[in-house]
Amino acid sequence: MDIKNGFIGSIGNTPLIRLNSFSEETGCEILGKAEFLNPGGSVKDRAALYIIEDAEKKGLLKPGGTVVEGTAGNTGIGLAHICNAKGYKCLIIIPNTQSQEKIDALTTLGAEVRPVPAVPYKDPNNYVKLSGRIAAELDNAIWANQFDNIANRLAHYETTGPEIWTQTNGRVDAWTAATGTGGTFAGVSMYLKSQNPGVKCVVADPMGSGLYSYVKTGEIKIQGNSITEGIGNSRITANMEGSPIDDAIQIDDTEALRVVYHLLRKDGLLMGGSTGINVAAAVALAKQMGPGHTIVTILCDNGSRYQSRIFNREWLASKGLMVS
Ligand code: PMP
């Protein structure tokens, strides 16, 4: 028998998918870890589970308690599913710039959702800081604190990384992913380097994020902006601190969209914008490294979460973008 134990038992052990069109184009094996197949629909299910179970183990979260988080959506969706499965309440503070699909999904899941204006991290009313203050004021509540709670990257160090290593039989030359909290990038990088220090770990960065310049110059400098959601950062989070980083690749929205539509039309994969950044970076890396290499990245979430945005020509046009 091969039966998973409920929602929680169904998180992880996702397939590693060969992206045929890009593999053939580059002569490399371009492999995508199918995190959109997690039961909550994204890579963030893993972090959400580790954060909640860490709080339970530490005695911080007791039966009937509340999980509070500031999230661009996917972490909140993962947390809301797990809260339902474990009998907790869930309160989500979300910037009002995020897609309606994600807000609707959170509401459907029974989370209390508070959309707030999107303001920079240094502002005390930034959604992340606000969620921390709200959690501190509630009884029997935890702040998931995904950016600086390293239970997040531990999920990827203990599960995503080892799965990639096993699925490739240890034959992985490079790994690239965009970072939101950095949990996925750091956890997988740390695990792969522990198995083979020669694995190249490359940050994929959208415009409007400071990590590319940080890796290249040591300084966080932000230029441009991006329609991608859930990725990019203007600071080094606790999850990113101490992560191996060999290099960075910057991808603009035009290239990310080209890749998203290519994955849809040529590979049959309907993916979100961060996956466009990731796969575009994997292809750029393949071109840098030359044929014969195996490059792994993350297929973060499903494009249906962005139907009204990256798959809506009018919305794209309003952002000065188009697809051919
Ligand atoms: N892609 C999407 C769609 C996300 O929601 C996130 C998480 N915010 C990421 C990528 C990045 O994952 P991480 O937080 O582990 O860096």
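This is a predicted model: local features need pLDDT of at least 70, side-chain atom pairs count only at pLDDT 80 or more; totals for chains, interfaces and linings use all residues.
Let me begin with helix H4, residues 74–86, and helix H5, residues 100–108, which pack at an angle of about 15 degrees with their axes 9 Å apart. That angle makes H4 roughly parallel to H5, and the crossing of the two helices is left-handed.

By class, the contact of H4 with H5 has four nonpolar residues, two polar and one charged.

I turn next to helix H7, residues 151–167, and helix H8, residues 183–195. Their axes come within 7 Å and cross at roughly 50 degrees. H7 and H8 are therefore oblique to each other. The crossing of H7 and H8 is right-handed.

The residue list for this pair is as follows. From H7 come Asn 152, Arg 153, His 156, Tyr 157, Thr 160, Gly 161, Pro 162, Ile 164 and Trp 165. They meet Gly 183, Thr 184, Ala 186, Gly 187, Val 188, Met 190, Tyr 191, Leu 192, Ser 194 and Gln 195 in H8. The classes in the contact of H7 with H8 are nine nonpolar, nine polar and one charged.

In H10, the residues in contact are Glu 255, Ala 256, Val 259, Val 260 and Leu 263, and in H11 they are Gly 273, Thr 275, Gly 276, Ile 277, Val 279 and Ala 280. The contact of H10 with H11 divides into seven nonpolar residues, three polar and one charged.

The structure holds one cavity of 30 Å³ or more, and the largest cavity has a volume of about 40 Å³. Which residues line the largest cavity? They are Ile 227, Thr 228, Asp 253, Ala 256, Leu 257, Val 260, Gly 273 and Ile 310. The largest share of this lining, four residues, comes from helix H10, residues 253–267. Among the residues of the cavity lining, Ala 256, Val 260 and Gly 273 also take part in the contact between H10 and H11. By class, the lining of the largest cavity has five nonpolar residues, two polar and one charged.

Finally, I come to the second largest pocket, with a volume of about 160 Å³. Its lining consists of Thr 254, Leu 257, Arg 258, Tyr 261, His 262, Arg 265, Lys 266, Met 322, Val 323 and Ser 324. Leu 257 is one of the residues lining this pocket, and Leu 257 is also among those lining the largest cavity. The lining of the second largest pocket divides into four nonpolar residues, three polar and three charged.

Methods
Residues are numbered from 1 along each chain as its sequence is written. Side-chain values use heavy atoms; hydrogens and water are left out. On a 1 Å grid over the protein atoms alone, a cavity is a set of points where a 1.4 Å probe fits but cannot get out, and a pocket is an open set with protein on both sides within 12 Å along at least five of seven lines; lining residues have an atom within 4 Å of a point. Grid points are joined across faces, edges and corners, and a volume is the space filled by probe spheres set on the points. Ala, Val, Leu, Ile, Met, Phe, Trp, Tyr, Cys and Pro count as nonpolar, Asp, Glu, Lys and Arg as charged, and the others, Gly among them, as polar. Axes are lines fitted to C-alpha atoms, for helices over the stretch in contact, and angles run from 0 to 180 degrees between N-to-C directions. Angles under 35 degrees count as roughly parallel, over 145 as roughly antiparallel, 65 to 115 as roughly perpendicular and the rest as oblique. A crossing is left-handed if the near helix is turned anticlockwise from the far one by less than a right angle, and right-handed if clockwise. Contact means heavy atoms within 4.5 Å.
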